[in-house]
Structure formats: structure tokens, C-alpha cells
Amino acid sequence: QVQLVESGGGLVQAGGSLRLSCAASGSILSISDMGWYRQAPGKQRELVAVLLSGGSTKYADSVKGRFTISRDNAKNTMYLQMNSLKPEDTAGYYCNMFVVPRTGGAMSYWGKGTLVTVSS
């Protein structure tokens with residue numbers, strides 16, 4: 001059974017920084033694509049950043065130049081470095097990974113989310 005757990009959220013002033021982590025645990029053979037999504041109150045969940053297995057990245061226009069996605073394959077962990085935070089970045093942040101378990105049956109997994117609040 002595979003689980004994803006996010007951490008690193010919190011309250012920060014505008015202009016500040018936070019680093020989110022997403023750790024995958026369980027019987028994992030490999031992880032390919034990874035991504036961060038966010039959902040603000042009353043809004044749909046949106047893509048923040050993705051990191052494909054080949055190493056390429058894609059960012060939402062609203063976070064380009066401020067956020068950086070990265071991964072540590074040895075730790076099955078993904079990160080999101082968020083700099084120059086703005087009040088509009090306030091949201092629940094969710095990680096997503098496409099995991100191949102040792103038991104087979106590759107599928108997409110989601111974490112339960114971590115809250116980021118940016119005060120003005």
C-alpha cells in the first residue's frame with residue numbers, strides 16, 4: 001500500500017518562502033511523474049508544477065520564476081520551493097505521484113494536502 005504525506009505548509013508573510021515536501025512510503029518499485037496541485041477556497045484544483053520522469057518541468061504561469069519543483073529519488077520525496085509568496089498563493093497544496101508498486105498495478109496517488117496561508 002502506497003501513501004503520500006505532505007509537510008511544510010504554514011503561515012507566512014507576503015514575500016516570504018516555504019518549502020513543501022511530499023514523501024511516498026510503502027512497497028514502491030518506481031515513481032515516474034510527480035506534481036504539485038493547489039486548491040483555494042471556492043476554486044477548482046489547479047496544476048502548480050510537474051516534474052516528469054525524464055527530468056522536464058512545467059509550471060503554472062502564476063508561479064513561474066518563484067516556485068521550483070525537485071525530487072530526491074533515493075528518498076521517494078518531492079519538494080516545492082516557494083519564494084516571493086503572494087496572498088493569492090494561499091491554498092491547500094496537494095502532491096501527486098504516478099507510482100509503480102512492487103505488487104504491480106501502476107496508478108496515480110494523492111496526498112491529503114498541506115495548507116499554505118500567505119498574509120498581506
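Strands are DSSP runs of E with at least two residues, and helices are runs of H or I with at least four; both are numbered from the N terminus. The model is predicted, so local features need pLDDT of at least 70 and side-chain atom pairs count only at pLDDT 80 or more, while totals for chains, interfaces and linings use all residues. Residues are numbered from 1 along each chain as its sequence is written, and side-chain values use heavy atoms, with hydrogens and water left out.

Asn 76 sits in the loop between S7 and S8. Its phi is positive, about 50°, although Asn 76 is not a glycine. Most residues other than glycine have a negative phi. Relative accessibility is 24% for Asn 76, so this residue counts as partly exposed. The classes are buried (under 20% relative accessible area), exposed (over 50%) and partly exposed (in between), with a 1.4 Å probe and protein chains only. Ser 84 also has a positive phi of about 50° and is not a glycine. Ser 84 belongs to the loop between S8 and S9. Its relative accessible area of 41% makes Ser 84 partly exposed.

Four strands form an open sheet in the order S1-S3-S8-S7, with antiparallel pairing. Strands pair if DSSP finds at least two bridges between them. Strands S1 (3-7) and S7 (67-72) stand at the edges; each has a single partner strand, so one side of each lacks a neighbour in the sheet. On average, neighbouring strands of this sheet are turned by 15° against each other, direction ignored. Axes here are lines fitted to C-alpha atoms, for helices over the stretch in contact, and angles run from 0 to 180 degrees between N-to-C directions. Strand S3 (residues 18-25) pairs with strand S8 (residues 77-82) over six bridges, in the antiparallel sense. Within this region, Cys 22 stands opposite Met 78 in S8.

Thr 77 is placed in strand S8. Thr 77 is buried, at 8% relative accessibility. Its side chain reaches the backbone oxygen of Lys 75 at 2.9 Å. A polar contact is a pair of N or O atoms within 3.5 Å; within protein, one must be able to donate a hydrogen and the other to accept it, and residues adjacent in sequence count only if both atoms are side-chain atoms. Beyond neighbours within four places in sequence, Thr 77 is in contact (heavy atoms within 4.5 Å) with Ser 21, Cys 22, Ala 23, Ser 70, Arg 71 and Asp 72.

The whole structure holds one disulfide, defined as a pair of cysteine sulfur atoms within 2.5 Å. Cys 22 is joined to Cys 95, with an S to S distance of 2.0 Å. Cys 22 lies in strand S3 and Cys 95 in strand S9 (residues 91-101), so the pair ties together parts that are 73 residues apart in sequence. The torsion about the S-S bond is about 55°, so the disulfide is right-handed. Both cysteines, Cys 22 and Cys 95, are buried.

The largest nonpolar core has 32 residues. Such a core is a set of buried Ala, Val, Leu, Ile, Met, Phe, Trp, Tyr and Cys residues joined through side-chain atoms within 4.5 Å. Trp 36, Leu 80, Met 82, Tyr 93 and Met 97 have the most contacts inside this core. S9 gives the most to the core, with five residues.
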